Amino acid sequence: MEIATAIRNFLDHLRVERGLADNSIAAYRRDLARFESFLADRALSLTAVNPAVIGEFQSFLRALGLAEPSSQRALSALRTFFRYLARESGLVDPTVDLEKSKQSRRLPKALTVAQVLALIEAAYHEGDPITLRDRALLELLYGSGGRISEIVGLDIGDLHQYSSDGTEVETVKLHGKGGKERIVPLGSFASKALRDYLTRVRPDLASRSARATSALFLNRRGARLSRQSAWQFVLNAAKSAGVEAKVSPHVFRHSYATHLLDGGADIRVVQELLGHASVTTTQIYTLITIDKVRETYTLAHPRARD
């Protein structure tokens, strides 16, 4: 089988059978295209790939100067690709002895509560109503723990309100990886920011497009907001707030999980809120809170240090 055909079939498998998101499939495509180019430069066929060739590819990745996480992602993509070929075509898997990096997993960086609040406040500019949308988006990122692709992919119909013990509770339905959906409750601040945007800004934005759309967040032309634009909102807010820490939309998700656990939330509940398939993935955040506890203990307890 030609490698181009094998890659195309594999990507179709990821899309149709595993239901991976477009961004994940694009990452697999980039990594496998690099491997395809590597084989072409050496005039090697797919059946000629053996552990020695995989070792050469590892050296090739290092020579490219890729960051360690990028190299490990490419090798992980290769493992998944060859496992698929072994299962579907009977091809011998040359990656079975490929060792995973022993580099410790980097802990996700979370902002402090003060930094998050500063970012949210900085997103809104008095006299510029459209920035109510920007503030609502940041409130939703932090208030739901959603990925940026999940937030910009929301429709108005994904917002729901119901009564519980006489209290109005607002929730949002997030569409996660693999087509999985989860219902996440929203706090009062996120709910209010969304109401301000929906009543004061969105109707005007929607009127600017000849085509009706159910998208929750709209751009200035009345179309669905893009991930790139949402990224820029976050960067702009960080600059306005003077937050020097590395900031991205995903840091709101890290902060959401970390602050929940710091506040005493059960890890299984946090797992459900984040949409993690395994609690092991969620447990990475407990390491952050443990580090904070250890640091506080070391600084505060009279017999913690010599």
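I take buried to mean under 20% relative accessible area, exposed to mean over 50%, and partly exposed to mean anything in between, with a 1.4 Å probe and protein chains only. The model is predicted, so I kept to its limits: local features need pLDDT of at least 70, side-chain atom pairs count only at pLDDT 80 or more, and totals for chains, interfaces and linings use all residues. Residues are numbered from 1 along each chain as its sequence is written, and side-chain values use heavy atoms, with hydrogens and water left out.

**Entry 1: the whole chain**

I began with the secondary structure, where I found 14 helices and three strands; helices (H or I, at least four residues) and strands (E, at least two) are DSSP runs, numbered from the N terminus. The C-alpha trace spans about 70 × 65 × 40 Å along its principal axes, and 40% of the 306 residues count as buried. I then looked up contacts, meaning heavy atoms within 4.5 Å, and noted that residues 24 or more positions apart account for 55% of the contacts with a separation of 6 or more.

For the surface I used accessible areas from the Shrake-Rupley method with a 1.4 Å probe, where for residues only the protein chains shown count as cover. The accessible surface comes to about 17,100 Å², and carbon and sulfur atoms hold 51% of that. For charges, I counted Lys and Arg as positive and Asp and Glu as negative, leaving out His and the chain ends, and placed each charge at NZ of Lys, CZ of Arg, CG of Asp or CD of Glu. The 42 positive and 34 negative charges have mean positions 2 Å apart.

**Entry 2: the nonpolar cores**

A nonpolar core is here a set of buried Ala, Val, Leu, Ile, Met, Phe, Trp, Tyr and Cys residues joined through side-chain atoms within 4.5 Å. Which residues touch the most other members of the largest core? I found Leu119, Leu137, Leu138, Phe217 and Phe252 in that position, within a core of 51 residues. Helix α6 (residues 131–144) gives this core its largest share, seven residues.

Beyond residues up to four places away in sequence, threonine 131 touches Ala123, Tyr124 and His125.

**Entry 3: aromatic rings**

Rings of Phe, Tyr and Trp (its six-membered ring) pair if their centres lie within 6.5 Å; planes under 30 degrees apart count as stacked, over 60 as edge-to-face and the rest as tilted. I found eleven aromatic pairs in the structure. Phenylalanine 10 counts as buried at 1% relative accessibility, and tyrosine 84 is buried with a relative accessible area of 11%.

Phenylalanine 35 and phenylalanine 57 form an edge-to-face pair, 5.0 Å centre to centre with 80 degrees between the planes. Here helix α2 (residues 22–41) supplies phenylalanine 35 and helix α3 (residues 51–63) supplies phenylalanine 57, the two being 22 residues apart, and both are buried. I also noted one aromatic cluster, formed by Phe10, Tyr28, Phe35, Phe38, Phe57, Phe60, Phe81, Phe82 and Tyr84.

**Entry 4: single residues**

Phenylalanine 82 lies in helix α4 and is buried, with a relative accessible area of 1%. Leaving aside neighbours within four places in sequence, I found phenylalanine 82 in contact with Phe35, Leu46, Val49, Ile54, Leu91, Asp93, Pro94 and Thr95. Phenylalanine 82 and threonine 95 are 13 residues apart in sequence and 7.2 Å apart in space, C-alpha to C-alpha.

Glutamine 232, in helix α10 (residues 227–241), is partly exposed at a relative accessible area of 39%. Glutamine 232 and proline 249 are 17 residues apart in sequence, and their C-alpha atoms are 9.3 Å apart in space.

Is alanine 43 buried or exposed? With a relative accessible area of 72%, alanine 43 is exposed; this alanine sits in the loop between α2 and α3, and its phi is near 55 degrees, a positive value in a residue other than glycine.
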